[in-house]
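Biologist: Hi! I'm new to this one. Could you walk me through a few spots in it?
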Amino acid sequence: MTHLAQNAADPGALDILLWVILPYVALVLFVGGHVWRYRYDKFGWTTRSSQLYEKRLLRIGSPLFHFGILVVLIGHVVGLVIPNSWTEAAGVSEHTYHVSAVVMGTIAGVCTLGGIAILIYRRRTVGPVFSATTRNDKLMYLMLTAALVLGLAATVAANIVDDGYDYRTTISPWFRSIFYFQPDPALMVGVPLLFQLHALSALALFAVWPFTRLVHMLTAPLGYLTRPYIVYRSRDTQLGSRATRRGWERVR
Amino acid sequence: MKVMAQMAMVMNLDKCIGCHTCSVTCKQAWTNRSGVEYVWFNNVETRPGQGYPRRYEDQETWKGGWEVNKRGRLKLRAGGRFKKLITIFSNPKLPALDDYYEPWTYDYETLTNAPLQEHSPVARPKSLITGEDMKITWSANWDDNLGGAPEHGGKDVLVAEIADKVKFEFEQTFMFYLPRICEHCLNPSCAASCPSGAIYKRSEDGIVLVDQDRCRGWRMCVTGCPYKKVYFNHRTGKAEKCTFCFPRIEVGLPTVCAETCVGRLRYIGLVLYDADRVLEAASTPDDKDLYEAQRSILLDPNDPEVIAAAEREGIPRDWIEAAQRSPVHSLINTYKVALPLHPEYRTMPMVWYIPPLSPVVDAVRGTGHDAEDRGNLFAAIDTMRIPVEYLAELFTAGDPAPVDAVLRKLAAMRSYMRDINLGREPDSSIPAAVGMGEEEMYEMYRLLALAKYDERYVIPPAHAEQAHGLEELATECSLDYEGGPGMGGSGPFGEASGGPDPVAVENFRMLHARQTTDSLTDPADKANRVNLLNWDGKGRPKGLFPDSPGSGEAPPRELMDGTDPNAESEPKP
């Protein structure tokens, strides 16, 4: 019950900065940044694939990373968004949940980290790929890798070295509290340092997300599954590439 | 019946001299940018040959186009929607740069700034991908004119089908040129493969385009297109393809490749087709029936029922009239001399080809016989199975009968017209032998031999005639030059981020700066390089002449004065 005691502790100014202000800044940047980027830079919204340059390493590294991170994403959604009481109501005991989360999370995390290691190695050693790497990409790789390493380290340290940490009583409610607009920094006070660092690195990643090539995630082409194969589109009513001035639209 | 209009092209291969003017002008207009150095929206292949990219016709490897499955349903050869999404992180069937070729430039600078030496300096080839020195081993036309055919000829995918018959010894070989652009298919498999839905078929004129703002670089279209005519721009991370020069077509001008064609072998016009029957025609069970199926969905623009249906669909009256005068429709359906390229890919391609008679004529002439005589030509077409079977692999999924019929018509036209040209009595039995009337044969001759610009290109404007004139945009991409506002690091996200500036604004600023500047034009960021296009004749910029060896002293002081180190160093359009 030491956690509870710590939770009751008064959050200091630093805690408010880290667990209230920072999350909202990151959230605003994430949402606002995507809106702005989509309006300003649709042409730059792409995966910037480098498969044309090199495909032997990409063929292993890219699916390993992407499928790994998709599992990690699902794990985070389940862990952070679904409250304890719901899984218990569904008949999943705390122990079952914990074991499956740790096993799945560790496997997926290792896959993701292995994948990104291959991709970074490829990026550095394959000439054309390296010369197509921007500073923006380097920053993105750094922040993404930091978040991944810290996340996996926190899981491993807490569950395999130590005897487990129940983030669903602290981090998850804090995460949800942000979205109800009743942020509760006190929940984060006693959280182990690695988890705190992981959360902060994730916030930083979300803040830069819209300004990097990671934007391609938001346009994952799920619509492909339902749309007809051939798309017909009418010629643009707007003539040329400049928007028509208001009041001067063409008469149909 | 749902009538739709399609802008289509016919190429008369007998007239192609393989000069590559179409490719070069197309490249200058559309793909002279970084990221698409290796891309040729229009290319001319020597057949037999591997083509570009190498062996693109080998669909066992590349999985392009459609196939009919066991239940008779049409499906993408590379796999359906679910498989596409599963393999999206690494497309297993994407051609590598090696399959096209590694683009290069030459280090021309050493030619001008190398010190005086015993041996002439050499401009080494430098890769445009890595920037390193490279050894050139292949390019888009490496096997031009059967170059290297004894070694590489056997790699032609079609030759494999008839391998025992095609010879690459000098005396026994044959060849012709095949110019290729995007086929602007009625059933485009690139569009069907695009996960983002960025590739669309324009409902007005059937031109297939990539929406650059919606393309996310998933690369599935490159695999999907069996003709490998969608390319990946490795700098912008977007797919690009032939646009049928839509800004020109919209104002009634032919495409750049057609406009500049030296042999005048291209015809552009509208065809009307029944959109409701496209899927049915593309699902025809037997590959060899596909040519007929494809021809049958094209509608007769003179049929009153078709006209009425077209008007119901909102096709403007002048478009229907253009379809009636369309040379493309005449060549495909009236004279039946144009054939589609690889109908067995089931994409319903809309660039058609008149197969070449020349290999046959050349062979007859080689034997010392009269190559214009009908009897000799007909006999030759019958006996010379090699070119005919090869052509059938290209145009009719291997069925020699339609190719044979076309070649006979072309041969009959030659013989018939020779009598007229020599002032002899025309022989009405010649057209009759290929099922044509005398007048019809003369009309076909007119269209193939004499047709002027406005008969070869019947292009109704898009009722947006003034658009580009008002905007001063020659094409959509005139801003996309290295370092310009449409390209290269202008925005915060590198390649081409942000919206483009209209070219008129750019020109205005550039001219204004030129007219009001006090400084001379001198490169600031590159030592010893002067762009003469941008040199305004004021003074002698540093680097205009190479430093004289031995003297070692700086140029006279007064010539350096007034040169602004921040002056413009690159030409702006």
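This is a predicted model: local features need pLDDT of at least 70, side-chain atom pairs count only at pLDDT 80 or more; totals for chains, interfaces and linings use all residues.
Modeller: Happy to! Let's begin with helix H8 of chain A, residues 171-179, where Ile171(A), Ser172(A), Trp174(A) and Phe175(A) are buried. Buried means 20 or more other C-beta atoms within 10 Å of the residue's own, exposed means 12 or fewer, and partly exposed is in between, with C-beta atoms placed from the backbone. Seen down the axis of H8(A), those buried residues fall within an arc of 165°, so they line one face of the helix. The arc is taken from the directions between the helix axis and the C-beta atoms.

Biologist: Which helices do the buried residues of H8(A) pack against?
Modeller: They pack against helix H2 (13-40), helix H3 (56-81) and helix H9 (193-208) of chain A. Helices here are DSSP runs (H or I, at least four residues), strands are runs of E with at least two, and both are numbered from the N terminus.

Biologist: What follows H8(A)?
Modeller: Phe181(A) does, and its phi is positive, near 60°, although Phe181(A) is not a glycine. Most residues other than glycine have a negative phi. Phe181(A) sits in the loop between H8 and H9 of chain A.

Biologist: Is Phe181(A) buried or exposed?
Modeller: Phe181(A) is exposed, with 7 other C-beta atoms within 10 Å.

Biologist: Back to the helices: at what angle do the axes of H2(A) and H9(A) cross?
Modeller: They cross at roughly 25° and come within 7 Å. The axes are lines fitted to C-alpha atoms, for helices over the stretch in contact, with angles from 0 to 180 degrees between N-to-C directions. That makes H2(A) roughly parallel to H9(A); angles under 35 degrees count as roughly parallel, over 145 as roughly antiparallel, 65 to 115 as roughly perpendicular and the rest as oblique.

Biologist: Which residues meet there?
Modeller: From H2(A), Leu18(A), Leu22(A), Pro23(A), Val25(A), Ala26(A), Leu29(A) and Phe30(A) meet Leu200(A), Leu203(A), Phe206(A) and Ala207(A) of H9(A). Two residues are in contact if their C-beta atoms, placed from the backbone, lie within 7 Å.

Biologist: Let's switch to chain B. How many helices and strands does chain B have?
Modeller: Chain B has 26 helices and 15 strands, and buried residues make up 45% of its 573 residues. Among contacts in chain B between residues at least 6 apart in sequence, 67% join residues at least 24 apart.

Biologist: Where are the cis peptide bonds you mentioned wanting to show me?
Modeller: One joins Arg47(B) and Pro48(B), with omega about -5°. Another runs from Tyr52(B) to Pro53(B), with omega near -5°. Pro48(B) is in the loop between strand S2 (43-47) and helix H2 (59-62) of chain B, and Pro53(B) lies in the loop between S2 and H2 of chain B.

Biologist: And where is Leu146(B)?
Modeller: Leu146(B) is in the loop between strand S6 (125-127) and helix H6 (149-152) of chain B. Its phi is near 60°, a positive value in a residue other than glycine. Leu146(B) is partly exposed, with 18 other C-beta atoms within 10 Å.

Key
Residues are numbered from 1 along each chain as its sequence is written. Chains are lettered from A and ligands numbered from 1 in the order in which they are written.
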